[in-house]
Amino acid sequence: MDMENLPLLQCSEVRKAFPKPDGAELLVLEGMNLELREGQIVGLLGRSGSGKSTLLRLIAGLAEPSAGSLNYMGKRIMGPAPGIAMVFQSFALFPWLTVFENVALGLEAQRMSRAEIRTRSLAAIDLIGLDGFESAYPRELSGGMRQRVGFARALVVHPNILLMDEPFSALDVLTAETLRTDFLDLWSEGRMPIKGVVLVTHNIEEAVLMCDRILVFGSNPGRILSELKVTLPQPRNRLDPSFRELVEKIYVEMTARPAGATPGRQERFPGLGIGSVLPQVSSNLLAGLMEAVAAAPFNGVADLPKIASDLQMEIDELFPVGETLQMLRFAVLEGGDITLMEDGLAFAHADLDERKRIFMRHLLTYVPLAAHVRRVLDERASHSARKSRFIDELEDFMSEEDADRTLRAVVRWGRYAEAFAYDDENAMFSLENPT
Amino acid sequence: MNRFEPYVFLRGLASRWDVLAFIVVIGLIVFLGETSRGLFAPLGQLQQTPLSLNPVHLPEYAARTTFRMLAGLFLSLVFTLTYATWAAKSERAGKLLVPILDILQSVPILGFISITVVFFMSLAPGRVLGAEFAAIFAIFTSQAWNMAFSFYQSLRTIPIELTEAAESFRLSPWMRFWQLEVPFGLPALIWNMMMSMSGGWFFVVASESISVGHTTVALPGVGSYIALAIADKNLGAIGWAIATMLIVILLYDQLLFRPLVAWVDRFRVEQEPGVRVPQSWALTMMRRSRLIQAATVAFHSAVLWTSRAVKRVDAPIVDVAERPRRRSLDLLWVSLIVLALVVSLWHIVAVLIRQTSVGEALQVGGLAFLTMLRVFVLIALASVVWVPIGVWVGMRPRAAQFVQPIAQFMAAFPANLLFPIAVYGIVTWKLNPDIFLSPLMILGTQWYILFNVIAGASMIPAEMRYAAANFRVTGWLWWRKVGIPAVLPFYVTGAITASGGSWNAAIVAEIATWGDSQVQAKGLGAYIADATTAGDFHRIVLGIGTMSLFVVVINRIFWRPLYYYAERKYRMT
């Protein structure tokens with residue numbers, strides 16, 4: 001293979017799993033194939049828990065894959081490589097160092113001469129538009145300026161690959177847009193010393209706006225659902241019909257039912273016993289989304305991109321709510337749409353008591369854990385049970401943390417439905433209402 | 001960008017801050033030289049130049065005392081940076097090191113001073129150095145555990161993204177330690193240093209004049225001065241000593257801790273907006289002075305230079321969770337621990353069990369119970385007094401601004417300096433020592449309750465107070481539903497510190513002398529103090545062991561659960 005055709009980055013059949021306390025393993029990433037070539041921005045798009053950040057950390061050399069290989073310029077990645085730099089979601093600046101010192105840190109680690117460190121750091125600061133802020137401390141800067149320092153710090157080491165972990169998601173909409181545009185300008189003018197970019201994001205529009213290729217991630221375990229090429233010329237316009245079409249297409253991909261349903265995937269759907277991890281979605285959000293879909297102009301069927309922008313929800317927020325409704329059989333997600341089922345519509349139009357009755361019926365029918373809690377309470381003479389009893393059961397299936405979260409989700413829904421009561425102070429479930 | 005021009009402080013004339021800084025620095029050097037000169041003198045010289053109660057000598061004594069304090073602080077810092085780092089970095093070592101630290105925190109080292117004196121004297125026989133070491137060691141023990149704990153906790157809570165950033169920019173472990181871990185841990189460390197100061201002053205005063213069996217060593221210092229004043233029944237001299245100590249603590253606070261606290265503010269990762277930035281004139285002086293700026297640049301360069309010098313080893317990264325356990329090493333480690341356990345147990349059995357009759361053990365247990373009763377009653381009394389006052393002050397920002405530093409100052413003041421006055425009263429009016437000596441135990445530690453409650457009350461959100469007022473929640477109902485719950489987590493923190501300090505203080509508070517008359521309360525503290533004076537090794541160990549056991553058990557079954565309960569239920573986030 002000649003050098004010209006060697007990809008910057010090549011990941012093949014990457015798998016990542018963490019050991020669980022009971023000896024089994026928790027699979028977070030499987031069958032991951034990725035290739036980054038010179039001049040490309042590749043986007044990893046998915047919701048939290050889809051393993052996209054894990055993959056980025058594997059590329060950065062911050063963790064090791066359980067199987068498969070990651071190669072940077074033909075060499076296996078073993079620990080952080082000199083030619084790969086990262087920009088973090090929370091900026092990860094050292095608060096006790098000035099802007100200049102933060103930027104210079106990566107060069108100090110390389111033991112460069114003082115003069116060179118100074119020249120290169122100042123050049124990077126200049127390039128990214130931080131001139132005049134050299135001696136400021138991060139706390140004195142706004143979020144946008146802080147992330148600029150994050151960019152300068154990554155660029156100063158002249159990396160071949162720039163990794164970006166949701167770099168704009170901690171910023172307000174306006175600032176994020178400015179930073180994105182500035183970045184794309186520098187990129188298209190070739191003024192940055194980088195050859196390729198891997199961008200992790202959960203924002204569909206951001207991915208379409210910035211990337212040449214988008215890998216859409218699915219969860220449980222994380223894997224690539226599909227790959228899309230974006231051939232729209234830069235600068236791209238969000239209102240351009242072909243832009244909208246691509247966004248719509250990605251929504252469809254993300255709501256597609258798996259072809260041959262893999263066992264892991266099914267965990268999000270009902271009927272699998274009490275061992276599934278439940279999402280943290282409040283009853284208010286569930287009711288809110290049902291109301292919004294039931295109301296005009298949607299009247300029971302809503303286009304996801306449309307309702308996402310109407311409600312100002314990112315996919316990271318919208319999808320868990322939609323999927324919970326699907327799990328409770330109040331709605332169906334398919335083809336980029338959310339459609340309310342009969343009981344979903346009934347719920348949206350009912351008064352509070354009726355809503356609770358409908359919710360209780362669905363909760364006890366379609367959430368096995370809720371049914372289980374209720375059954376235990378019904379069967380016992382005392383009509384009460386310790387929380388630890390259920391936690392122990394759940395931990396056979398999932399991690400301690402997930403067990404706790406899952407039980408909390410059930411408590412939340414059970415309280416709303418008045419299916420059972422829970423006293424946090426004594427960690428007791430019961431059927432009684434507080435006196 | 002003048003940071004990279006090495007001789008920046010030669011440019012232009014020195015600023016007035018330079019002059020000030022120069023004087024302070026030279027003063028410090030002279031002070032260090034003066035005070036350390038006596039270290040290598042033979043012990044006999046202490047007898048030849050006996051202490052004098054003439055107040056003229058007090059500045060010198062105060063300087064000696066302060067020097068011990070600084071030395072203890074420095075040692076604690078060295079200990080912290082090594083021990084805590086080891087505990088945090090090595091999972092295996094941490095399993096043992098952290099519980100050890102936890103127990104050490106509860107051991108009343110004050111009772112051990114006599115033993116350590118013998119040990120250190122044998123290291124430097126016939127020299128003052130040995131006794132000095134013992135005193136410095138006592139200070140060390142009053143601060144090191146706290147500081148190490150705080151640093152350990154900081155190391156464990158470094159935000160994951162900062163660690164990842166350091167890793168992905170390939171900082172060497174040495175560089176990471178100085179550029180990430182130490183700066184991140186500094187704010188908590190400095191705060192803990194300041195908090196454990198009171199213990200430090202308390203100990204230095206108590207440890208300067210030590211009599212073990214027949215030998216009495218009196219190191220020149222404020223503590224010895226007080227001891228002499230007590231023996232001479234000189235109330236005026238005690239007044240002078242108290243005044244001197246007030247000034248010393250004020251200077252220490254202004255010259256060392258204020259600047260430190262103001263300086264470490266920049267190391268805080270999370271900044272709540274609207275929080276007032278701590279101010280310090282001394283820090284302003286240091287910042288403005290080019291001389292001192294150059295010194296800090298030099299330190300920074302040293303860190304960078306050593307970073308270059310220490311070779312970087314590129315080890316492949318393996319997740320902690322996946323690291324293959326090396327069985328043989330594990331086995332070795334476990335067997336080492338078991339061995340240490342067996343040896344310790346054997347020693348404990350040999351010293352304690354064989355020489356202790358059941359009757360004596362029961363007696364010590366009973367005494368410990370008495371002391372415990374005292375501590376709880378006193379904490380309860382102090383709470384009844386200080387919680388309402390603290391809440392009242394805390395809700396009035398202007399009053400809080402005024403009272404808070406005073407409370408902190410009172411906490412730092414070594415209460416044992418005030419004991420002679422109380423003892424004088426007890427002896428003169430023939431009061432019952434079982435009752436009237438007790439308040440001394442809490443004299444110095446009650447302030448922790450006050451300033452923690454003030455801090456808690458000042459954090460009650462204004463809207464919550466408005467809501468209470470709006471619904472006309474007043475009087476006892478207000479205290480039950482608003483005031484007390486809101487400050488409870490803070491109060492418990494303060495009460496834990498106060499309780500621990502009081503146990504320690506019992507050793508010097510339950511027995512007191514004034515000239516040739518001695519008053520004594522029944523309790524474990526008096527028992528330990530008695531054993532120390534008699535040089536009775538096995539009784540000292542028995543007493544201290546029992547006290548440690550009581551403190552540890554009370555912490556585990558009372559304070560800790562209470563703390564977690566308060567944290568969970570009442571902490572406002």
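Predicted model: local features only at pLDDT ≥ 70, side-chain atom pairs only at ≥ 80, totals over all residues.
**Chain A, whole view**

Select chain A. It holds 15 helices and 16 strands. Its radius of gyration is 25 Å, close to the 22 Å that the globule rule gives for 435 residues, so chain A is as compact as a globular protein of that length. Along the principal axes, the C-alpha atoms fill a box of roughly 80 × 50 × 50 Å.

Now colour by domain. The assignment gives domain 1 as 3-255, domain 2 as 279-349 and domain 3 as 350-435. Between the C-alpha centres of domain 1 and domain 3 of chain A the distance is 41 Å.

**Stop 1: the four-stranded sheet**

Select E1, E2, E4 and E5 of chain A. They form an open sheet in the order E2-E1-E4-E5, with antiparallel pairing. Its edges are strand E2 (25-36) and strand E5 (75-76), each of which pairs on one side only. Next, show helix H1, residues 52-59 of chain A. H1(A) packs on this sheet and touches E1 (9-19), E2 and E4. The direction of H1(A) makes about 115° with that of E1(A).

Zoom in on E4(A), residues 67-72, and its neighbour E5(A). Two bridges join these antiparallel strands. Pick Tyr72(A): its bridge partner in E5(A) is Lys75(A).

**Stop 2: a hairpin**

Move to residues 213-218 and 223-229 of chain A. These are strands E9 and E10, antiparallel and joined by six bridges. Arg213(A) stands opposite Lys229(A) of E10(A). Four residues lie between the strands of this hairpin. Which residue there takes a positive phi? Select Asn220(A), where phi is near 55°.

**Stop 3: two crossing helices**

Select helix H8 (283-294) and helix H11 (342-349) of chain A. Their axes come within 9 Å and cross at roughly 100°. That makes H8(A) roughly perpendicular to H11(A).

Show side chains at the contact. H8(A) brings Met290(A), Glu291(A) and Ala294(A). They meet Gly344(A), Leu345(A), Phe347(A), Ala348(A) and His349(A) of H11(A). By class, this contact has five nonpolar, two polar and one charged residues.

**Stop 4: the three-stranded sheet**

Go on to E14, E15 and E16 of chain A. This open sheet has the order E14-E16-E15 and antiparallel pairing. Strand E14 (384-386) and strand E15 (421-423) are the edge strands, each pairing on one side only. Neighbouring strands here are turned by 25° against each other on average, direction ignored.

Take E14(A) with E16(A), residues 428-430. The two pair in the antiparallel sense over three bridges. H14(A) lies across E14 and E16, running at about 55° to E14(A).

**Stop 5: chain B and its two domains**

Hide chain A and select chain B. Colour residues 41-279 as domain 1 and residues 356-573 as domain 2. The C-alpha centres of these two domains of chain B lie 22 Å apart.

Methods: Residues numbered from 1 in each chain as written. Chains lettered and ligands numbered in written order. Pairing = 2+ DSSP bridges. Contact = placed C-beta atoms within 7 Å. Axes fitted to C-alpha atoms, helices over the stretch in contact; angles between N-to-C directions. Domains from an automatic or database assignment. Parallel < 35°, antiparallel > 145°, perpendicular 65-115°, else oblique. Nonpolar A, V, L, I, M, F, W, Y, C, P; charged D, E, K, R; others polar. Rg over C-alpha atoms; globule rule 2.2 N^0.38 Å.
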